[in-house]
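Let's take a walk through this one together. Have the sequence and the 3D view open, and we'll stop at a few places along the way.

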Amino acid sequence: MIPDAPYVSSISQRPTVSGSLPDGTVVSSNSARYHRAHSGDTSGWQLLSGRLPGTVRHDTGSTMNAVFAHLPVMLEQITDVFSDMNDGVFLDATLGGAGHSTAILTAHPHVSLLGIDQDDMALDSAEQVLAAAGCSGRVALRRARFDAAALIAAKEGISALSGALFDLGVSSPQFDVAERGFSYRFDAPLDMRMDRTQALSADVIVNTYDEDALTSMLRRNADERHAYRIAKAIIAARPIHSTVRLSDVVSSAIPAPARRRGGHPAKRTFQAIRIEVNAELEILPGALRNVISLLAPGARLAVLSYHSGEDRIVKSVMRSAETGDCDCPPNLPCGCGAVRSVVRVRAPRDASRAELAQNPRSSSARLRVVEKIQIESQN
Ligand SMILES: C[S@@+](CC[C@H](N)C(=O)[O-])C[C@H]1O[C@@H](n2cnc3c(N)ncnc32)[C@H](O)[C@@H]1O
């Protein structure tokens, strides 16, 4: 169980000892940042003490040197959702820089955290932020995809959760570090992998998918109206290995009037490829259903989504947990045997005007919450 355990390495099961980085920071020897620092790769995130929870500094190497922050979105509303949470284990399935988790652990001194992220840089940052907040002793961090959350919980001996959060998509530092290859703003190799150990990258998709596969991916993941033209242009321009080259090819495939509307012309293509690389939509329904099953009675799951494809899935999974997919007429007793009312669904919420002014990322955020009201049973 987590509560008595010291910080559990997110990176591997090797015994943990402390090591120090060139800047003097002491970190776990299992941390990816430690290994990068000792293998000559110093591109880790660095904690700036005294900043907001989740605020980290990242030196972006040759393209630029700047301080970046991932400001946790709708932080006040999220902490409010869990304000009366029972003691036990809180799951953060998308830990990122641990901004939300730090606030939740600080408000609940007897709650432990199971934190999951598939990005080793995010875990490094979270490790430091949680340590600086004095929370390391009640935290277990795992590098994994969130569809493994139920399996990881079972391995940790966790049979029920007191609360859970999915803050979907990408963190600001993932976008803002040029060499991660997520953004058309910087010239970099096409990558976009959150988990940098996986084989599928943006380069593989751009250079190997056929016309049908590219077209349907662009429609499915980003509602791209010019999907077919873009797919044809990509295939004609191969090989394409850099973000800026891809951005130019996509921009020139889009008719001039459409290019002048609705933001950067390559925005949707980059979104669609990122979603494909990281299987973002594919694994979401199963992961949400598993976590809903693990909620203790009275516990809540909060999900922050950032585009319509994600939100449709979140809404549909929550609705089906509420209704059991029962389509019997509402004025008659249910005759289909559906398991109904496992959860109560709250009305969705968006970020406040004040937050929109401060954090542009919050403009597309939608918060949906379900609360478990009974243990699932076969009617
Ligand atoms: C929006 S950020 C979370 C920010 C976090 N709430 C905070 O306060 O700093 C999303 C994080 O989820 C991670 N992520 C996205 N999809 C994931 C998945 N399928 N499995 C595990 N981690 C995922 C990303 O690597 C990223 O670090």
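This is a predicted model: local features need pLDDT of at least 70, side-chain atom pairs count only at pLDDT 80 or more; totals for chains, interfaces and linings use all residues.

Start with the ligand. There are 26 residues around it, and the ones that come nearest are His100, Asp117, Phe146, Asp167 and Gln174. With aspartate 167 it's the side chain, where a polar atom lies 2.7 Å from a ligand nitrogen. Glutamine 174 also brings in its side chain, with an N or O atom 2.9 Å from an oxygen atom of the ligand. And how much of the ligand's accessible area does the protein cover? On its own the ligand has 600 Å² of it, and the protein covers 99% of that.

Now for the helices. Two packed helices are described by the angle between their axes and the distance between those axes. Find helix 13, residues 284-294, and helix 14, residues 308-323: their axes come within 10 Å and cross at roughly 35°. That crossing is right-handed. Which residues do the touching? From helix 13 come Leu284, Pro285, Leu288, Arg289 and Ile292, and they meet Glu310, Ile313, Val314, Val317 and Ala321 of helix 14. Sort that contact by class and you get 8 nonpolar residues, 2 charged ones and no polar ones.

Finally, two backbone details. Look in the loop between helix 9 (227-237) and helix 10 (243-253), and you'll find proline 239. Methionine 74 isn't a glycine, yet its phi is positive, near 50°.

Definitions and conventions: Residues are numbered from 1 along each chain as its sequence is written. Side-chain values use heavy atoms; hydrogens and water are left out. Axes are lines fitted to C-alpha atoms, for helices over the stretch in contact, and angles run from 0 to 180 degrees between N-to-C directions. Helices (H or I, at least four residues) and strands (E, at least two) are DSSP runs, numbered from the N terminus. A crossing is left-handed if the near helix is turned anticlockwise from the far one by less than a right angle, and right-handed if clockwise. Contact means heavy atoms within 4.5 Å. Ala, Val, Leu, Ile, Met, Phe, Trp, Tyr, Cys and Pro count as nonpolar, Asp, Glu, Lys and Arg as charged, and the others, Gly among them, as polar. A residue is near a molecule or strand if one of its heavy atoms lies within 4 Å of it. A polar contact is a pair of N or O atoms within 3.5 Å; within protein, one must be able to donate a hydrogen and the other to accept it, and residues adjacent in sequence count only if both atoms are side-chain atoms. Accessible areas come from the Shrake-Rupley method with a 1.4 Å probe; for residues, only the protein chains shown count as cover.
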